[in-house]
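Here are my notes for you, as numbered points. Keep the picture open while you read.

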Amino acid sequence: LQGTFDDCQDQVKALFNDQAFRAEQRLSAVNSINWARVMAQIAYYFWAGLALGASRRPVAFSVPSGNFGNIFAGYAAKQMGLDVSHFVVGTNANDILTRFFTSGSMTMAGVEPTYSPSMDIQVSSNFERLLFSVLECDGAAVASTLQGFRETGHFSIAPEKLAELRELFTAHRVDDEETLEEMKRIYQETGELIDPHSAIGIAAARAERRESDGPMIALATAHPAKFPDAVEKATGIRPSLPDHLSDLLVREESFQTLPNDTALLKEIIRGRNGGDTAKLAS
């Protein structure tokens, strides 16, 4: 799609919000727009927490985040009873989440390309799920806040609400230089290659850890070979693809570049599906 990650996410949501089109084309999502994705992630917070004694002591999690889906799963796990003392939100230079947890204000800015492109986001679409909790499960208030955010690029929460959030959440910005330094440090100390996003989670954990946290679990996100240029720049080692993907870079690519236009996307989807939903069920 011609545009940014946020443009793509907006278009996907627009397609899902058209209930007639969604039913006609039987749309489903495998990213965190779909609550099933968040449910699956909740499970590994429990698995990791209990493995490190969360039944006897609190644990903490640091999560590299742009879209807020993964870390919201951790928040949901805590609401379900997992003993979590603290969540650290790691961001790159696109630090809208860090700025929010520092000031209580969410303000859009331009998207800056970084070594951690999955976090090059200015509209954290899953944040509305946390906002629903912050606004005491008032769906109308959430809708009004988000509509204003779309129109003005800004919203704020009350200071007392921010204080409540900061008891559980802190955030830390890690720029590209710091990301490379963390990747290098991990490699030199452990011999392990990590990807840039995982490095941000680890660096944020080290920066924001509290004495009362107990074990701090930093979530990893990708195989280092997915980001070979950044890994090589940081460590001097170019990671190899896993055996089952060894021919990935010579496989034929198939893609189509499309304009950022909802009506046109609907027509293209209808055309590719033959406009016949019975075919999709067969």
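1. Start with Ser 198, which is buried because its relative accessible area is 4% (buried means under 20%, exposed over 50%, partly exposed in between, using a 1.4 Å probe and protein chains only). You'll find Ser 198 in helix α10, residues 196-208. Leaving out residues up to four places away in sequence, Ser 198 touches Leu 219, Ala 220, Thr 221 and Ala 222 (contact means heavy atoms within 4.5 Å).

2. A word on the model: it is predicted, so local features need pLDDT of at least 70 and side-chain atom pairs count only at pLDDT 80 or more, while totals for chains, interfaces and linings use all residues. Numbering runs from 1 along each chain as its sequence is written, and side-chain values use heavy atoms, without hydrogens and water.

3. Now look at α7, residues 139-152. Helices are DSSP runs (H or I, at least four residues), as are strands (E, at least two), numbered from the N terminus. Val 142, Thr 145, Gly 148 and Phe 149 of α7 are buried. Viewed down the helix axis, the buried residues of α7 fall within an arc of 130°, so they line one face (the arc is that of the directions from the axis to the C-beta atoms). Ala 140 and Glu 151 are exposed on the other side of α7.

4. What covers that buried face? The cover for the buried residues of α7 includes α5 (96-103), β3 (105-107), α6 (127-134) and β4 (154-156).

5. Last, find Val 250 in the loop between α11 (228-235) and α12 (262-272). Val 250 counts as exposed because its relative accessibility is 74%.

Definitions and conventions:
The expected span of a helix is 1.5 Å times one less than its number of residues.
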